[in-house]
Amino acid sequence: MDTKAKQSHIFFFPYMAPGHMIPTIAMANLFASRGIKTTIISTPQNVAFFSQTIERSKESGFKIGVLLLKFPSVEVGLPEGCECGHMVETLEELQKFLEATSLLDQQLEKLLEEHQPNCLVADNCFPWTTDLAAKFGIPRLVFHGINFISLCISQHLIKMDFSTLLKSDSEPLVIPDLPDEIKLARTQIPNFLKQETELRKFLELTAETEKRSYGVVVNSFYELEPAYADHYRKFWGIKAWHIGPTFLCNKDTYASLDEHECLKWLNSKTPNSVVYVSFGSVIKFVDAQLLEIALGLEASGQQFIWVVKKEKSEEENKEGWLPEGFEKRVEGRGLVIRGWAPQVPILEHQAVGGFVTHCGWNSVIEAVSAGVPMATWPAFSDQFYNEKLVTQILGIGIGVGVQKWERFGGEKVGKRNIENVVTQIMVGERAEEMRSRAKRLGEMAGKSVQEGGSSYKDLNALIQELGLHSTASN
Ligand code: UDP
């Protein structure tokens with residue numbers, strides 16, 4: 001490296017939703033830990049979500065900062081303050097939300113002009129950033145927040161003609177040219193993809209700019225999905241770097257969560273005796289579904305932590321989502337957390353032996369890294385593809401059998417089904433086999449980000465290829 005070179009600077013621009021911001025902030029920290037200056041571009045409402053993490057990173061001596069953009073919610077017809085993806089309730093609102101993000105271009109251009117970073121890592125949802133970066137002569141790297149298998153399936157799906165996508169719903173769709181035979185029910189593919197819609201056009205644009213961008217950074221590790229990491233690079237000819245699991249490089253971030261009441265509760269439990277149930281930051285099940293989950297968990301006889309995205313209120317019994325006397329009956333055996341739970345420390349706790357998940361990629365890679373088998377309950381986005389990886393390819397999970405793509409978890413899963421899958425991932429020979437496979441993968445995940453590991457080396461390769469300079473070289 002040139003010893004006189006100025007410290008390099010990267011802009012990170014995540015989509016405004018926890019599932020995108022969490023891994024992007026972790027990635028910015030990862031680059032900062034290698035002596036590169038990093039800046040996160042966000043909006044006032046969203047910054048509150050990660051400001052503590054940034055403060056802690058600064059205290060560790062990292063050069064990491066935040067720059068803010070004004071989010072034009074009202075301009076596109078969204079309510080004032082609607083700046084985060086999880087506030088969006090319908091596909092129409094989602095479209096408006098995406099429109100608002102595209103109106104951020106001039107503000108971002110100003111920041112690029114002013115700060116002259118060496119590289120822009122921007123979310124897949126911001127296709128316009130490829131041309132903007134080109135204007136400044138800097139590379140734009142794409143970050144999707146998804147893994148290689150999902151990148152492969154998405155590229156193949158968007159290339160399929162409508163007649164293939166629209167064939168009878170009873171006939172599964174085989175995704176062509178993949179290393180394994182991956183079959184999806186046609187109902188697991190969103191309707192907006194099966195006709196000429198604005199959302200489909202948007203996805204076509206993101207797939208096209210993905211190819212024109214400098215490359216893609218992936219929050220995964222090679223040993224987890226080697227055939228798909230190779231397929232994506234070779235078949236589509238897109239440069240990609242696997243640098244995950246990024247959260248493993250940011251363990252300090254979780255230190256302050258150790259005091260959480262549920263972790264103390266877990267300390268009193270024996271290894272692998274508690275199932276953790278959580279569906280990410282976006283899905284909000286209707287009360288009737290929550291009731292089925294409560295009844296299924298109770299009938300399973302397993303100990304559990306269940307995260308529900310509802311605030312505790314005086315009125316909650318009137319809502320009818322908890323069976324009468326539920327919390328009293330399961331006292332000591334089950335814990336209901338309302339709102340936000342410290343998911344990573346929970347999954348890593350030795351008492352946790354299974355995870356009922358919607359298969360958001362962050363949740364899956366956190367569970368894999370913790371060596372925890374899963375009951376898979378996908379709803380939308382890349383979640384059905386992640387389910388295939390977990391159940392069919394890695395053999396560390398059992399599906400609850402959801403067949404229909406529905407952004408907010410539409411298909412009802414009954415209490416008997418829930419009781420069965422929870423029992424199957426927690427006890428018995430199959431559960432033990434899945435757990436030991438998951439533990440092996442967890443060890444590989446840990447090694448991949450350590451010096452000499454596959455993700456560590458790929459990050460080095462990326463830094464070298466981009467010609468980035470650290471503080472150490474100043
Ligand atoms: N998460 C958390 N506590 C919660 C809910 C979610 O810490 O109560 C974190 C979880 O650990 C993961 C992210 O939020 O890092 C959710 O991302 P994922 O991709 O799993 O799902 P999404 O929210 O995007 O659907």
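Student: Which residue in β4 is the bridge partner of F13?

Tutor: A122 is the bridge partner of F13 in β4. Keep in mind that this is a predicted model.

Student: OK, and what stands opposite F12 in β4?

Tutor: V121 stands opposite F12 there. Both pairs belong to the pairing of β1, residues 9-13, with β4, residues 119-123. Those two strands run in the parallel sense, with 4 bridges between them.

Student: What about β2, how many bridges join β1 to that strand?

Tutor: β1 and β2 (residues 37-42) are joined by 4 bridges and run parallel. Within that pairing, T39 in β2 is the bridge partner of F11.

Student: How does the chain get from β1 to β2?

Tutor: The chain goes through helix α1, residues 18-33, and the β-α-β crossover is right-handed.

Student: Is β1 mostly covered or uncovered?

Tutor: Mostly covered: 4 of the 5 residues in β1 are buried.

Student: Zooming out, what's the strand order in the sheet?

Tutor: The order is β3-β2-β1-β4-β5-β8-β9, an open sheet of 7 strands with parallel pairing. From one strand to the next, the twist averages 25°.

Student: Why is one side of β3 and of β9 left without a neighbour in the sheet?

Tutor: β3 (64-68) and β9 (240-242) are at the edges and each has a single partner strand, so one side of each has no neighbour in the sheet.

Student: Switching to helices, which strands does α19 lie across?

Tutor: Helix α19, residues 454-466, lies across β4 and β9. Its direction is at about 140° to β9.

Note on methods
Residues numbered from 1 in each chain as written. Predicted model: local features only at pLDDT ≥ 70, side-chain atom pairs only at ≥ 80, totals over all residues. Pairing = 2+ DSSP bridges. Axes fitted to C-alpha atoms, helices over the stretch in contact; angles between N-to-C directions. Contact = placed C-beta atoms within 7 Å. Buried ≥ 20, exposed ≤ 12 C-beta atoms within 10 Å, placed from the backbone. Right-handed = clockwise from strand over helix to strand, strands pointing away.
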